[in-house]
Amino acid sequence: SSGINAEYGEEMKEHWIPASVLCRPCHVEYDMLGHFEEQKREGEYLLEYLKIQDFVPKKFFREASTKSRDEALRLLKTLPFTQRKILSQLYRDDAVLFGYNMTQFLDVPLPSWDRSLRTGK
């Protein structure tokens with residue numbers, strides 16, 4: 001394990017640490033934030049922006065598969081409500097910061113103040 005989740009007092013593998021903790025978006029001025037689902041489009045843009053597109057194979061980035069997303073949704077729905085709620089709390093900041101809709105994946109409605117942060121209303 002490479003990271004500690006202090007709130008839950010457990011070690012977490014780096015892959016599962018919330019991006020808001022791992023990448024510290026409030027403490028680092030990023031020039032670009034990308035979404036895995038848009039890796040082909042955003043990756044190609046980044047290569048062009050850096051002027052290195054000629055050094056990377058044309059098919060380096062692939063379209064994200066909806067099959068993986070559907071499978072993740074199916075598996076999450078099999079978890080008990082309490083576990084889904086813990087996951088929604090753990091990744092809440094990621095959802096707000098990066099524009100994801102956690103209710104779609106976890107069936108746990110976000111509090112109204114969370115929704116207002118995302119929509120600005």
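The ring-pairing rule gives a count of 2 aromatic pairs here, where rings of Phe, Tyr and Trp (its six-membered ring) pair if their centres lie within 6.5 Å, with planes under 30 degrees apart called stacked, over 60 edge-to-face and the rest tilted. This is a predicted model, where local features need pLDDT of at least 70, side-chain atom pairs count only at pLDDT 80 or more, and totals for chains, interfaces and linings use all residues. Residues are numbered from 1 along each chain as its sequence is written, and side-chain values use heavy atoms, with hydrogens and water left out.

**View A. Tyr45 and Tyr49 make a stacked pair.** Their ring centres sit 6.1 Å apart with the planes at 25°, so the pair counts as stacked. The two tyrosines are 4 residues apart in helix α2, about one helical turn. Tyr45 is partly exposed at 49% relative accessibility, while Tyr49 is exposed at 52% (buried is under 20% relative accessible area, exposed over 50%, partly exposed in between; 1.4 Å probe, protein chains only).

**View B. Phe60 and Phe61 make an edge-to-face pair.** Phe60 is exposed, at 53% relative accessible area.

**View C. Helix α2 has a buried side.** Spanning residues 39–49, α2 buries Glu42, Gly43 and Leu47 (helices are DSSP runs of H or I, at least four residues, numbered from the N terminus). These three cover an arc of only 140° around the axis, so they share the same side of α2; the arc is taken from the directions from the helix axis to the C-beta atoms. Turned away from that buried side are the exposed Arg41 and Tyr49. Following α2 comes Lys51, with a positive phi near 60°.
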